Amino acid sequence: DTLDRHSEVTYCASNTRFCLLYTSPMILLAIWLARNHLHELEASHLQEAGNLARNFAAANDQLLDARLKALNILALSPLADDDRGWPLLYREAQNFQQSFGTHVSFADETGRKLFDTRLPYGQTLPRLPVDQDRIAVSRALETGKPQVGNLVLGPFVKLPLVNVVMPVLREGKPTRLLLVAFETGSFQQRIEQLALPEGWSIALLDGTGA
């Protein structure tokens, strides 16, 4: 009986080793395939997320570009050069507001507002609200190129706004500024219109990360 049990144990041990030797490659292959599938799935998700982010950024760039081009028409107008033409420029700015749904401010190089389409022409106005480090207005004056600012609290609506600044150039130098302010809710609406995969989210940040 002892010899039989010993033989049985030896046979079982040998059989177990045989089974392990036989199945180990398949187990390792299954693990490798699973890991490879996860890597491919992750790469696919990253590519999809990158494409989604680029498309969303491009759509927002197009929105801003359209408004900048329209704003540049006001900046190029000779009505901006003399206070006698400012009432007519104000009317043109009102047309911009009716077309694009965003109000227009006109200011001198010191930040003093000359008009704002939120209020009747000639009314006393506060100075320009600027982002925390004055990036947009300062850079527009320094470079002569349009700039997009960081979040600021609007002086009238008391909501977070993003200012787009268009310098009024004369002989290559900024003499005045035109600004449009986007409420962050308009960007939020665009985000909510995106068809995102379940469990995904997208955020739009300013230069400070807000």
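**Reading a pocket, a sheet and a core**

Modeller: The largest pocket in this predicted model has a volume of about 370 Å³.

Colleague: Which elements supply at least two residues each to the lining of the largest pocket?

Modeller: They are helix 1, strand 3 and helix 4, and the largest share, five residues, comes from helix 1.

Colleague: How do you know that strand 3 and strand 4 are paired?

Modeller: Two strands count as a pair if at least two bridges are found between them, and five bridges join strand 3 to strand 4, so the pair qualifies. These two strands run antiparallel, and in this pairing Leu151 stands opposite Val162 in strand 4.

Colleague: What is the order of the strands in the sheet, and why are strand 2 and strand 3 said to stand at the edges?

Modeller: The five strands form an open sheet in the order 2-1-5-4-3, with antiparallel pairing. Strand 2 (113-116) and strand 3 (147-153) each have a single partner strand, so one side of each is left without a neighbour in the sheet. From one strand to the next, the twist averages 25°.

Colleague: What makes you say that helix 2 packs on the sheet?

Modeller: Contact means heavy atoms within 4.5 Å, and helix 2 (residues 86-100) touches strand 1, strand 2 and strand 5, while its direction makes about 45° with that of strand 2. Helix 4 (residues 184-192) also packs on the sheet, touching strand 3, strand 4 and strand 5.

Colleague: Why is a group of residues called a nonpolar core?

Modeller: The name applies because its members are buried residues of listed types, such as Leu and Phe, joined through side-chain atoms within 4.5 Å. The largest such core holds 25 residues, of which Leu71, Phe106 and Leu178 touch the most other members. Its largest share, seven residues, comes from helix 1. Beyond its neighbours within four places in sequence, Phe106 is in contact with residues including Trp86, Leu114 and Leu178.

Technical notes. Residues are numbered from 1 along each chain as its sequence is written. This is a predicted model: local features need pLDDT of at least 70, side-chain atom pairs count only at pLDDT 80 or more; totals for chains, interfaces and linings use all residues. Side-chain values use heavy atoms; hydrogens and water are left out. Helices (H or I, at least four residues) and strands (E, at least two) are DSSP runs, numbered from the N terminus. Axes are lines fitted to C-alpha atoms, for helices over the stretch in contact, and angles run from 0 to 180 degrees between N-to-C directions. Buried means under 20% relative accessible area, exposed over 50%, partly exposed in between (1.4 Å probe, protein chains only). On a 1 Å grid over the protein atoms alone, a cavity is a set of points where a 1.4 Å probe fits but cannot get out, and a pocket is an open set with protein on both sides within 12 Å along at least five of seven lines; lining residues have an atom within 4 Å of a point. Grid points are joined across faces, edges and corners, and a volume is the space filled by probe spheres set on the points.
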